[in-house]
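Let's walk through this one together, question by question. Have the viewer open as you read.

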Amino acid sequence: HMVQRFEEKSPLKTPPFKNNAKLYLATFASVLGPMSFGFVLGYSSPAIPELTRISDPRLRLDDVQASWFGSIVTLGAAAGGLVGGWMVGRIGRKLSLMLCALPFVCGFTMIIAAQNILMLYVGRVLTGMASGVTSLVVPLYISEMAHEKVRGTLGSCVQLMVVLGILLVYFLGLFMDWRWLAICCSVPPTLMMVLMCFMPETPRFLLSQGKRREAEEALRFLRGPDAPGTSFHISDLKDPGVYKPLIIGVMLMVFQQMTGINAIMFYAENIFEQAHFEESDLASVIVGLIQVVFTAVAALIMDKAGRKILLIISGVAMTISTVALGVYFHLMSKLGSAVTDSTSVTAEQPDLSWLALASMAVFISGFAIGWGPIPWLIMSEIFPAKARGFASAMVVLSNWGMAFVVTKTFQDMLMSLTSAGTFWLFSSTCVVNILFTVFFIPETKGKTLEQIEAIFRGTSGP
């Protein structure tokens, strides 16, 4: 491989951390993107209650509009995934990242300056598009820079920053109104744009463009092995080295959304209100905190434990907790219908609201340790070099498409299936998740991107 030849020529045998310091810096600059996208996802939770009660009639949202305000982001993100897949191959990973700071900032500016509901929607679509581009580009940028010893950990930082963004926006939502909150949300993307100016393009992209000298310089900056690439044609979909990982990538994203995570996060405050938990906005902050802690744990053990075992543990935790949430809502509806006398209701409530909170905590920690970070990480690892832009675009599109379907239909599911039925539906999909993991997902821990490609090509594939 061309890259191995680079490495023999380049004097890069310095001690590990000093060696990785610039790699960590480049990772930090790029993961400000996912952090911005966490700000976008979390923003609706504190903003919707304010916007439904706002005094200005032009901005007041009814239930249907509130549900669109929450979910229209995912449509923007699905479009952003398609645009990102094209950009990443055409103008490179670095420029794509710098450019997606623009719709982030423009979108939040639209929200800050909103005079009517349409402007709020446009702002959400723009920030959603930026999130879609980011969720595609950053995992690629990191997996192409990092070497296999740290790729899992650095790749998990993407999800870690997303949940950190969600936590920060929940936390700031305690103190700020929705306009000031939108101003704060424009800070990370601006910072990302500035820092990315000083970071290199990934060596693999430079090689695929035939820029050998720049690729050597980028390698000297980062020290990360990678391979030369060629261009992708639709006929390549007949190659098992392309279609097998593509099916796995798409299924991972579909299953990730089918766990109900986005529905649960988007409606966290409503769930707490239904659970008669007084401090519903504070509870959301706690949820965000749990998510950050467990995603950090996952990032630390990712390269030691392996991807597969974490996905299975995660699936089991989510199955148990969604069943429990279903039971909780089932008992609540029984209580609600049986007891008309208000005093005995309030006496019954506290005992059960803890069941809801505990289940939420288990669900979110379970999601954060496996199904949160790993599908994005595996997406950035399993595609052969030439198909990376196209295949990642398909995967991101399926993720955000499903996210839209789940969040948009969540309210209707609650109506038709009841709260209990909805969570039991999620729990049954979590069981399917576990089976899918066991039978179809290869372990990518500690393998180079070329070795992973060979698994799908060769006989040792799924």
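The questions below go from the whole chain to single residues and back.

This is a predicted model, in which local features need pLDDT of at least 70 and side-chain atom pairs count only at pLDDT 80 or more, while totals for chains, interfaces and linings use all residues. Residues are numbered from 1 along each chain as its sequence is written, and side-chain values use heavy atoms, with hydrogens and water left out.

Q: How many helices and strands does the protein chain have?
A: Both kinds of element are DSSP runs numbered from the N terminus: helices are H or I with at least four residues, strands are E with at least two. For the protein chain the tally is 19 helices and 0 strands.

Q: What share of the residues in the protein chain is buried?
A: Buried means under 20% relative accessible area, exposed over 50%, and partly exposed in between (1.4 Å probe, protein chains only). Among the 462 residues of the protein chain, the buried share is 59%.

Q: Is glutamine 291 buried or exposed?
A: Glutamine 291 belongs to helix α14, which spans residues 280–305. Contact means heavy atoms within 4.5 Å. Beyond its neighbours within four places in sequence, glutamine 291 is in contact with residues including Val163, Ile261 and Phe367. Its relative accessible area is 2%, so glutamine 291 is buried.

Q: How far apart in space are glycine 288 and leucine 168?
A: Glycine 288 also lies in helix α14, and with a relative accessible area of 0% it is buried. In sequence, glycine 288 and leucine 168 are 120 residues apart, yet the C-alpha to C-alpha separation is 8.2 Å.

Q: How much accessible area does the nonpolar patch that includes Leu289 have?
A: Patches are made of residues with over 30% relative accessible area and no salt bridge; like charges are joined within 9 Å, and nonpolar side chains (Val, Leu, Ile, Met, Phe, Trp, Tyr) within 5 Å. Leucine 289 is in helix α14 and counts as partly exposed because its relative accessibility is 46%. Areas come from the Shrake-Rupley method with a 1.4 Å probe, and for residues only the protein chains shown count as cover. Together, Leu289, Val293, Phe294, Val297, Leu300 and Ile301 have about 490 Å².

Q: How much space lies in the largest cavity?
A: On a 1 Å grid over the protein atoms alone, a cavity is a set of points where a 1.4 Å probe fits but cannot get out, and lining residues have an atom within 4 Å of a point. Grid points are joined across faces, edges and corners, and the volume is the space filled by probe spheres set on them. The lining has 17 residues, with Leu41, Gln159, Val162, Asn262 and Phe367 nearest the centre. The space in the largest cavity is about 200 Å³.

Q: Which residue forms a salt bridge with arginine 307?
A: A salt bridge is a side-chain nitrogen of Lys or Arg within 4 Å of a carboxyl oxygen of Asp or Glu. The closest N and O atoms of this pair are 2.6 Å apart, and both residues are buried. Arginine 307 is also part of a network of salt bridges that includes Arg151 and Asp303. Its partner here is glutamate 381.

Q: Where is aspartate 239, which meets arginine 457 in a salt bridge?
A: The side chains of arginine 457 and aspartate 239 meet at 2.7 Å, N to O. They are 218 residues apart, with arginine 457 in helix α19 and aspartate 239 in the loop between α10 and α11.

Definitions and conventions: 1 Å grid on protein atoms, 1.4 Å probe; cavity = no way out; pocket = protein on both sides within 12 Å on 5 of 7 lines; lining within 4 Å.
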